[in-house]
Amino acid sequence: GISIVGSAPGDSCAAPADRSSGSRSGKVVLLDFWASWCGPCRQSVPDLKQLQATYGRDQLEVIGISEDKNESVWHSFLAQHQMNWEQRFDSGGEMSRQYGVNAFPTFVLTDGNGAVLQRFVGEDPNESLASRIAPYLKNSQQGGL
């Protein structure tokens, strides 16, 4: 099953099924498929923190989707690395299958209606995640999405 940790300030406490990326009212959403045992996923944490600091939740919402199998290990990793954006525990791989994810990390950028804008597989040591998604956020700000 999928459980959620954390939410944006002001978010209602809706059930997980009611909180899909498609109900984000026009906001660009970055889905981060990751696992605590994945080295490149661990390396992406500073990039995700930078995204939160640069864009804030009003322009971009980041949702971490963990493919860990042990929920206590997942909770510990979140706390240790101060991953304070919305997190989902997808131990059964339901969301991973829904988005066709077969490598970690995979970042899926969606518009506020849940339509996939772009998919980024893996960390790119030559370009930050913020740089990779910036053109899509600029399009969104200009009403291009």
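Colleague: Where is the place of Pro105 in this chain?

Modeller: Pro105 sits in the loop between helix H3 (94–98) and strand E5 (106–110). Helices (H or I, at least four residues) and strands (E, at least two) are DSSP runs, numbered from the N terminus. Keep in mind that this is a predicted model: local features need pLDDT of at least 70, side-chain atom pairs count only at pLDDT 80 or more, and totals for chains, interfaces and linings use all residues. Residues are numbered from 1 along each chain as its sequence is written, and side-chain values use heavy atoms, with hydrogens and water left out.

Colleague: Which residues does the cis peptide bond join?

Modeller: Phe104 and Pro105, with omega at about -10 degrees.

Colleague: And how do I read the overall fold?

Modeller: Start with the order of elements. The chain has 4 helices and 6 strands, and along the sequence they follow β-β-α-β-α-β-α-β-β-α.

Colleague: Is strand E3 buried or exposed?

Modeller: Buried means under 20% relative accessible area, exposed over 50%, and partly exposed in between (1.4 Å probe, protein chains only). In E3 (residues 60–66), 7 of the 7 residues are buried, so the strand is largely enclosed by the rest of the structure. Leu60, Val62, Gly64 and Ser66 point one way from E3, while Glu61, Ile63 and Ile65 point the other way. For the whole chain, buried residues make up 43% of the 145.

Colleague: Which strand do 4 bridges join to E3?

Modeller: Two strands pair if DSSP finds at least two bridges between them. Those 4 bridges link E3 to E4, and the two run parallel; Gly64 stands opposite Gln87 in E4. E2 (residues 28–34) is also parallel to E3, joined by 7 bridges, and there Val28 has Leu60 as its bridge partner.

Colleague: How do I read the handedness of the connections?

Modeller: Point the strands away from you: a crossover is right-handed if the path from the first strand over the helix to the second runs clockwise. Here E2, helix H1 (residues 39–59) and E3 make a right-handed β-α-β unit, and E3, H2 and E4 make a right-handed one too.

Colleague: What is the phi of Gln82?

Modeller: Positive, about 50 degrees, although Gln82 is not a glycine. Gln82 lies in the loop between helix H2 (71–80) and strand E4 (86–90), and is exposed, with a relative accessible area of 58%.
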